Amino acid sequence: MLQRLKVKIRRVEEREKDYWVDMSLRELREGEVRYYHVRDYLTGDWLFKICKDAEMQRIIVKALKCPAGGGFAQLEGRTMLFQKGIPEGYYYDIISLSYIDEKNRLRRKVISDMNDVPKVIKENFRVMGYEEVTGNKVPGKKLAVLCKENDEKSMILLFLIERAWPLSMISPETGIKASDLLGLIKELEKARLDEVYQAAESKLNIGKKDADMLLEVLEKEGLILRLEEYVKTKD
């Protein structure tokens, strides 16, 4: 799944015992802590901290370092909470999506309608009603997404999908085609930009505007060179 969505997640440090402040519990907690470096084609480079609280059956995903950008900067230090639910071996997160309000402040909208759940979540994860997952009734209808108990990479991926991807100028459906566009450029070798646009439209169903966005992503990643009206992969 990670490869298909063009996200690379690598564990860089593991601590069997460490401490963190759980803001929702308002107390210092102790447990396993792991750090992950993430390269996401859609948004950029991230550093995450995973805090596993075995006693409370909670896992916290915290963004320590975010890509440049006003929206992403507001995600630095933000967390996503996964808790033990009724389905055996699974932890859940209440689905909510980021957005920027009229004052350029980061906000979140809790999702209550299955039609509003991003396609990438419905295709790759198990989605259930909050009451079905927890056995608890709460005012309003909420939806939850489930991850296997030890699948920390999927939890990080959900942070990106729910918190970061809605802030990106490129849609996830377009972003996952970045490596496909890179492959087309390699096939064309040193290619004119108009040839790249034509190939992107005919083979990947990507218009010029989206192709330009992907070319910018690939250029920032150091994978291509743009030379006036030409583009080529870096040797």
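Predicted model: local features only at pLDDT ≥ 70, side-chain atom pairs only at ≥ 80, totals over all residues.
1. If you want to find the β11 end on screen, β11 and β13 (residues 230-233) pair in the antiparallel sense over two bridges. Click on alanine 191 and look across: its bridge partner in β13 is valine 231.

2. Now the helix pairs. Two packed helices are described by the angle between their axes and the distance between the axes. For α6 (residues 178-188) and α7, the angle is about 130° and the axes are 10 Å apart. That makes α6 oblique to α7, since angles of 65 to 115 degrees count as roughly perpendicular and over 145 as roughly antiparallel. The crossing of α6 with α7 is right-handed.

3. Who touches whom there? From α6 come Asp180, Leu181, Leu184, Ile185, Glu187 and Leu188, and from α7 come Glu195, Val196, Ala199, Ala200, Lys203 and Leu204. Sorted by class, the α6 contact with α7 has eight nonpolar residues, four charged and no polar ones.

4. Helix α7 (residues 193-204) also packs against α8 (residues 208-220), at an angle of about 115° and with the axes 10 Å apart. These two are therefore roughly perpendicular to each other. Their crossing is right-handed. On the α7 side the contact uses Leu193, Val196, Tyr197 and Ala200, and on the α8 side Lys208, Ala211, Asp212 and Leu215. The class count for α7 with α8 is six nonpolar, two charged and no polar.

5. Eight strands form an open sheet in the order β1-β2-β3-β4-β5-β6-β10-β9, and the pairing is antiparallel. Strands β1 (7-22) and β9 (126-129) are at the edges, each pairing on one side only. On average, neighbouring strands of this sheet are turned by 30° against each other, direction ignored. Helix α4 (residues 152-164) packs on the sheet and touches β1, β2, β3, β4 (58-65), β5 (79-84), β6 (90-94) and β10 (143-148). The direction of α4 makes about 130° with that of β5.

6. A closer look at the β1 end of that sheet. β1 and β2 pair in the antiparallel sense over 13 bridges, and aspartate 22 stands opposite glutamate 27 in β2. Next along, β2 (residues 27-40) is joined to β3 (residues 44-53) by nine bridges, again antiparallel. Here aspartate 40 has glycine 44 of β3 as its bridge partner.

7. Two backbone angles deserve a check. Arginine 26 has a positive phi of about 60° although it is not a glycine. Arginine 26 is part of the hairpin of β1 and β2, which has four residues between the strands. Is arginine 26 buried or exposed? At 75% relative accessibility, arginine 26 counts as exposed, because the cut-off for exposed is over 50%.

8. The second one is glutamine 57, with a positive phi of about 55° although it is not a glycine either. Glutamine 57 sits in the loop between β3 and β4. With a relative accessible area of 39%, glutamine 57 is partly exposed.

9. Finally, tyrosine 99, found in strand β7 (residues 96-100). Tyrosine 99 counts as partly exposed, at 39% relative accessibility. Which residues does tyrosine 99 contact, leaving aside its neighbours within four places in sequence? They are Arg105, Leu106, Arg107, Arg108, Lys109 and Leu167. As for isoleucine 156, tyrosine 99 is 57 residues from it in sequence and 19 Å from it in space, C-alpha to C-alpha.

Terms used
Residues numbered from 1 in each chain as written. Heavy atoms only, no water. Axes fitted to C-alpha atoms, helices over the stretch in contact; angles between N-to-C directions. Parallel < 35°, antiparallel > 145°, perpendicular 65-115°, else oblique. Left-handed = near helix turned anticlockwise from the far one by under 90°. Contact = heavy atoms within 4.5 Å. Nonpolar A, V, L, I, M, F, W, Y, C, P; charged D, E, K, R; others polar. Pairing = 2+ DSSP bridges. Buried < 20%, exposed > 50% of the residue type's maximum accessible area, 1.4 Å probe, protein only.
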